[in-house]
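Here are a few friendly notes to read with the model open beside you. Take the points in order and find each residue as you go.

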Amino acid sequence: MGLLQFRKEAARAPRAGAMAAFVQGYSMEVMPRTAEKVADFRALLPAGTRVYIAHLDGTPIGDMVATARRLRDEGFSPMPHFPARSIPDAATLQDWITRYSDEAGVTEGLILAGGIPQPRGDFHSSMQLLETGLFDKAGFTRLHVAGHPEGSRDIDPDGGEANMMAALGWKQAFAQRTDAEMAIITQFAFEAGPVIAWADRVRAAGVDLPIHIGVAGPAKLQTLVKYAIACGVGPSLAVLQRRARDVSKLVMPFTPDAFLGDLAQAAATRTDFPIQGVHFFPLGGIKTNAAWLAGHGLAPAQET
């Protein structure tokens, strides 16, 4: 029994080390209202971490800019969302960009369609925002766009991915004619195999933008199921459903160890692995996510 346990621990150690290396350099997502609950992000995240600021429809731009300024002041790289369907016109987009730049030193943005079904005004897609040229004029150096490993009925109503791949191809071409660095940031998922297969199809379609995979941070199972359904997570939702059938695991928080471990293992065996980064959605809370990262050797580099 002791020898068997030793072998299990020996096998687990390299996998844990590979996962920590794979996750290194991760990004995190916050909202203004969740950021308010954090006394000091320097106690939770490594200095320089890219922090995306989710812009839920109806959030005042002043709250978004204040959160970005605070993150910048604490030594992080704020990347606010620019949801096309929530932006009524080019004048509003220009105002947002100017405020972020002048008041918070922002030079990065996640450009996406947004989660509401009907546009508030002139824009309905991320491509329309990019086409304005306003980000280039403002000197934005990094523009990320959304990816959907499990598809999006909003983009492809038939359940396929033809429209999604065409949109990524357009964004690839846009990246080639602008100075901004671009990358794909994906929705979260729970199963590595389908995610890797999707990333391989993106590469096969001729899109070589870096892919940062979305990961749901540790949370109660019920919380993850709620967010997964709300966000349109598809096939890998079965992972949570299988766990829900195990009564012994219902009271235990779900963690991304298995998902990230599988991705890290695949990355270690392929020289052409298409996923370059990890982005955390802290669905169980930022502090919970940070504690999980610290438990895997990814604690902040500085103390406060």
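1. Helix α8 (residues 192-204) and helix α11 (residues 257-269) have axes that come within 9 Å and cross at roughly 45°. Axes here are lines fitted to C-alpha atoms, for helices over the stretch in contact, and angles run from 0 to 180 degrees between N-to-C directions. Helices (H or I, at least four residues) and strands (E, at least two) are DSSP runs, numbered from the N terminus.

2. **Where the numbers come from.** This is a predicted model, in which local features need pLDDT of at least 70 and side-chain atom pairs count only at pLDDT 80 or more, while totals for chains, interfaces and linings use all residues. Residues are numbered from 1 along each chain as its sequence is written, and side-chain values use heavy atoms, with hydrogens and water left out.

3. **Naming the angle.** The helices α8 and α11 are therefore oblique to each other; angles under 35 degrees count as roughly parallel, over 145 as roughly antiparallel, 65 to 115 as roughly perpendicular and the rest as oblique.

4. **Who touches whom?** From α8, Ala192, Val195 and Ile196 meet Phe259, Asp262, Leu263 and Ala266 of α11, where contact means heavy atoms within 4.5 Å. Sorted by type, the residues of this contact are six nonpolar, no polar and one charged. For that sorting, Ala, Val, Leu, Ile, Met, Phe, Trp, Tyr, Cys and Pro count as nonpolar, Asp, Glu, Lys and Arg as charged, and the others, Gly among them, as polar.

5. **Salt bridges.** How many salt bridges does the count come to? The count is 10, with a salt bridge being a side-chain nitrogen of Lys or Arg within 4 Å of a carboxyl oxygen of Asp or Glu. One of them joins the side chains of Arg69 and Glu103 (3.8 Å, N to O). This pair links distant parts of the chain, 34 residues apart: Arg69 is in helix α3 (residues 61-73) and Glu103 in helix α4 (residues 90-104). Arg69, Arg99 and Glu103 are linked in a network of salt bridges.

6. **A bridge from loop to helix.** The side chains of Glu161 and Arg201 also meet in a salt bridge (2.6 Å, N to O). Glu161 lies in the loop between β5 (142-147) and α7 (162-176) and Arg201 in helix α8, so the pair ties together parts 40 residues apart in sequence.

7. **Buried or exposed?** Another salt bridge pairs Glu74 with Arg70 (2.9 Å, N to O). Glu74 counts as buried at 12% relative accessibility, whereas Arg70, at 21%, counts as partly exposed. Buried means under 20% relative accessible area, exposed over 50%, partly exposed in between (1.4 Å probe, protein chains only).
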